[in-house]
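Subject: Structure handover

Hello,

Here is the structure for you to look through.

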Amino acid sequence: MAEEKHDLIVIGGGPAGYVGAIRAAQMGKKVALIERDRAGGTCLNWGCIPTKALIRNAEVYRLVQKAADFGIQTGSVSFEWDRVIARSRGVSDRIAKGLEFLFKKNKIETISGQAQLGPDRSVRINGQTLGAEKVLLATGAKPRLIPGFQPDGKKFLTSREAMVIPKRPDSILIIGGGAIGIEFAYFFNSFGTKVTVVEALPSILPKEDHEISGELSKIFTRSGIRILTGTTVDKLIAQGEGVEVALGGAFPATEQFETVLCAIGVVPHLDFLTDPNQLVLEKGFVKTDDHYQTSIPGVYGAGDLIGPPWLAHVASYEAIQAVEGMFGEHAPSKPKVFPSCTYCHPQVASTGLTENECKARGIAYKVGKYPFLSSGKALAQGDNQGFVKLINSEPDGRLLGCHIIGADATELIAEMALAMNFELTAADIAATVHAHPTLSEIVFEAAEMSLGKAIHG
């Protein structure tokens, strides 16, 4: 075994890796972090942050196009595609530099390169072997591809290539109606691309509550996005300047698209393994126990690498729990309540059980819904699509789930995650004074609706 010069070696610098490394350093541990791309990993450089910058560009473009509704005359409105992309890259670059400063501040040794996990918690990197008391695997995940799909940055894209595509495509087929596919559908549609979304399951955003998915589908359809659910992609053939696509299932057809984006999920980065059987996997992801320890003693895992829900904020939580647990600060916990967010427009956010899940589990429940259309703040800001849906257990009123589609849904969901984490009830939400006029009142009103006490319902 290599000489143990570190208390912790972290492989991967994304939301799990960099957070875990900083937390260990705060505990006085000597830490080395290995990242083959750049500080922040996929989320900061090729995922969460740059896509949100792109989506904000789309929101601004759409808002300016509606300026006349607010009594503002703008004249002809256009965009510069290269600057749209450049702004996104600039945002990521700025945050990455901030992380690099945090590494220096916390005296974390950072190493660039491809790590290889060796025996006895040793790590091979750039021709040298490092040793540590503990190793945290946080290499994240990469796009899952359909057979024969090879990204080329022009005709065939994953989310990574889509973020920097040099020319706006006239038409795009997005394979997959999950959060990634839906966010790109909104982005490209906003700038005039003809968008088709294909989803094999019966609805887009299939993990969300059925009413939320249905409402978003209606809104997207009205905006010109074509949604084909229950549909499969059977064949892709590059032809000339585009791609010929054979569709099957509910909408069988052969169609031409300029570009195809594959967004059907993720698979873990396992390039650090020297042997495919080095670690025990479960459904393709690294298996960990309740302490985040893998099948190798002293080697831990956190984030997308260890499986769903594949959310950056969950990855950070897991990494902190793993680090504090491995060094004995407290027994680690697994996340039970967390928000899921999709940053299209209107936004979608949720936490807890869906109505279908309550039915499947035989849970007695009651629903309270309130529309954005009845909110003074939503009307004032000209953004009144959607609703808040609360699901409460019967008869105690304990919150089981919250599902939101509408403006700033991803901000509103935090209150409900907190409420559910402390096992509060709809009555507790209704007893909390919410400022007027705010969008948060819609959550309050939904709680009142579920109690049969709504003043404005």
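How many disulfides does the count come to by the rule used here? The count comes to 1 disulfide, where a disulfide is a pair of cysteine sulfur atoms within 2.5 Å.

Before the details, some conventions. This is a predicted model, in which local features need pLDDT of at least 70 and side-chain atom pairs count only at pLDDT 80 or more, while totals for chains, interfaces and linings use all residues. Residues are numbered from 1 along each chain as its sequence is written, and side-chain values use heavy atoms, with hydrogens and water left out.

Cysteines

The disulfide links Cys43 and Cys48, with 2.4 Å from S to S. The angle about the S-S bond is -130 degrees, and the link is left-handed. Cys43 is buried at 15% relative accessibility, and Cys48 is partly exposed at 28%. Here buried means under 20% relative accessible area, exposed means over 50%, and partly exposed is in between (1.4 Å probe, protein chains only).

Cys262 is in no disulfide; the nearest cysteine sulfur belongs to Cys48, 19 Å away. Cys262 is buried, at 3% relative accessible area. For Cys344, the closest cysteine sulfur is in Cys341, and the 11 Å between them is too far for a bond. Cys344 is buried as well, at 0%.

Second largest pocket

A pocket is defined on a 1 Å grid over the protein atoms alone: it is an open set of points where a 1.4 Å probe fits, with protein on both sides within 12 Å along at least five of seven lines, and lining residues have an atom within 4 Å of a point. The second largest pocket holds about 780 Å³ of space, a volume being the space filled by probe spheres set on the points, which are joined across faces, edges and corners. Its lining has 30 residues, and those nearest the centre are Arg56, Glu59, Tyr186, His345 and Asp383. Helix 3 (48-65), helix 6 (179-190), helix 7 (210-222) and helix 11 (409-421) each give two or more residues to this lining. Helix 3 gives the largest share, 8 residues. Helices are DSSP runs (H or I, at least four residues), numbered from the N terminus.

A loop residue

Gln73 sits in the loop between helix 3 and helix 4 (81-105). Gln73 is exposed, at 70% relative accessibility. From Gln73 to Pro166 is 93 residues in sequence and 31 Å in space, C-alpha to C-alpha.

Regards
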